[in-house]
Amino acid sequence: MPPSAIPEPGVRPSDSRFHCIDCSHWSDSASPDYRCPRCGDLLEISYPEWNKSGMSSRASGVSANDLKSTWKQRRLSSAPADLSGVWRFRELLPALNDGQVVTLREGNTPLYEMPQCARIAGVPHLSAKHQGMNPTGSFKDAGMTVAASFAHHAGYRWIACASTGNTSASMAAYAARGGMRSLVLVPEGKISWSKLSQALDYGAVTCQLRTDFDGCLRLLQELVLRAPVHQLNSINPFRIEGQKTLAIELMEQMDWQLPDHIIVPGGNLGNSSAIGKALLEMRDLGLISRLPKLSVIQAEGANALVRTLREAGGKRLIGVNAETRATAIRIGNPASWKKAVRVLEATGGACEQVSEVEMAQAKAEIGAEGIGCEPASAVTLAGLKKLVKQGFVKAGESVVLILTGNLLKDPDFTIEFHRGDLFAGTPHESTMTALSTLRRPPIVLDATLDEVLRTLEQADKTAPSG
Ligand code: F0G
């Protein structure tokens with residue numbers, strides 16, 4: 001059913017303006033595809049008031065310390081915006097005129113110590129910020145509450161996205177909460193059932209297209225110019241603003257003692273752009289005094305940013321035909337590559353790639369620590385090991401991994417890994433045997449006490465170390 005025509009309401013944030021990342025054109029409103037009307041590049045949301053006074057007009061006269069204590073105070077409040085780990089930091093977000101937020105109490109995600117993984121990677125201090133603990137199980141919720149609130153405020157009836165799964169799950173949930181309809185375009189057969197089932201349950205019109213993610217996104221960009229649907233991919237700069245709060249909350253959780261490194265998976269590159277933007281803004285506002293290095297890790301089979309930096313010096317995108325079992329980051333032409341290149345350069349971060357087997361190993365190691373994540377998130381630990389070997393992460397430096405999705409997002413991967421079926425019949429099969437000590441396959445037994453006791457005894461003899 002095509003959406004019924006509604007006048008283009010346009011989304012206008014107060015106190016902030018749209019700014020083209022390439023030609024620096026400023027505007028107060030954006031076209032439906034969120035592209036610069038002059039040069040067609042991506043837009044970002046900027047806060048001109050901050051440039052004048054070093055602080056938002058809403059917070060003018062307020063010091064960085066005041067902001068920190070306001071955010072802390074709000075933890076005691078039961079107002080919906082304060083219960084959100086995103087809107088709690090609203091001084092650094094575009095202002096919603098009516099203050100009505102579409103929220104599921106996103107953010108407020110835990111920062112876990114990872115002593116076992118630290119030992120494995122060879123760093124003294126490693127923690128993981130688990131964005132998979134968000135309401136729909138991924139980091140997407142932090143951006144979605146902002147983009148959905150502005151879409152709702154502007155009166156949009158339909159919101160839409162192309163997705164490798166998590167964006168669609170998140171968008172469908174926020175659409176439902178905000179009383180909007182949602183349209184999801186996903187690559188057929190290339191997203192996990194868990195993510196697909198979320199979109200269905202939250203009431204999205206879900207189209208499985210016979211293409212890849214890049215094909216879905218291309219089609220969406222055309223669709224929003226033809227139909228009154230509002231696009232909520234990370235091209236939408238409101239998404240980036242919400243995802244910024246991950247970094248603010250992280251700094252707060254670390255009592256504003258910065259880590260030396262933050263490591264994030266890279267797919268469409270919205271999240272790395274958002275974290276980098278937050279770090280730069282926090283530094284400009286005096287909330288932090290220096291920048292942690294932000295590094296991006298990709299799967300070898302979806303390594304557009306790695307190639308763009310190595311082969312084109314970050315000047316032009318080198319797209320790839322993406323292939324990886326980490327379906328969340330199976331993306332060949334990342335939309336936000338330019339933004340990501342800039343934040344990597346600004347923070348002095350690295351960009352690395354890891355193999356399918358390195359990713360599977362890291363995922364099992366994170367799981368064995370009682371944390372668990374989806375495959376795409378595990379590239380962070382696999383990448384860290386490489387960055388330590390290369391000497392980029394130095395002895396004594398502290399590291400935070402951003403785990404982007406919940407373990408339950410892709411149970412097939414986990415079960416196949418433990419059963420020993422992962423990559424069966426592929427060139428990776430032989431290398432997987434080296435990981436047999438990490439596998440914990442389910443054991444089928446007759447339902448007798450003896451059988452269970454014998455299994456327990458055997459398992460006790462082969463107890464894993466650590
Ligand atoms: N990790 C997970 C679990 C993801 O779902 C994604 C992206 C990424 C990492 C990469 O983040 O795109 O900001 O660089 N998932 C998108 C989606 C593309 O449609 O769910 P990115």
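Residues are numbered from 1 along each chain as its sequence is written, and side-chain values use heavy atoms, without hydrogens or water. In this predicted model, local features need pLDDT of at least 70 and side-chain atom pairs pLDDT 80 or more, while totals for chains, interfaces and linings use all residues.

**Exercise 1.** Locate A118 and decide: is A118 buried or exposed?

Solution. 
- A118 sits in helix α4, residues 115-121. Helices are DSSP runs of H or I with at least four residues, strands are E runs of at least two, and both are numbered from the N terminus.
- Its relative accessibility is 4%, so A118 is buried. Buried means under 20% relative accessible area, exposed over 50%, partly exposed in between (1.4 Å probe, protein chains only).
- Beyond its neighbours within four places in sequence, A118 touches V123 and L126. Contact means heavy atoms within 4.5 Å.

**Exercise 2.** Work out the strand order of the open three-stranded sheet, and find which strands stand at the edges.

Solution. 
- The order is β2-β1-β3, with antiparallel pairing. Pairing requires at least two DSSP bridges between two strands.
- β2 (26-27) and β3 are the edge strands; each has a single partner, so one side of each lacks a neighbour in the sheet.
- β1 and β3 pair over four bridges.

**Exercise 3.** Find the residue of β3 that stands opposite H19.

Solution. 
- Go to β3, residues 43-46.
- The residue opposite H19 is E44.
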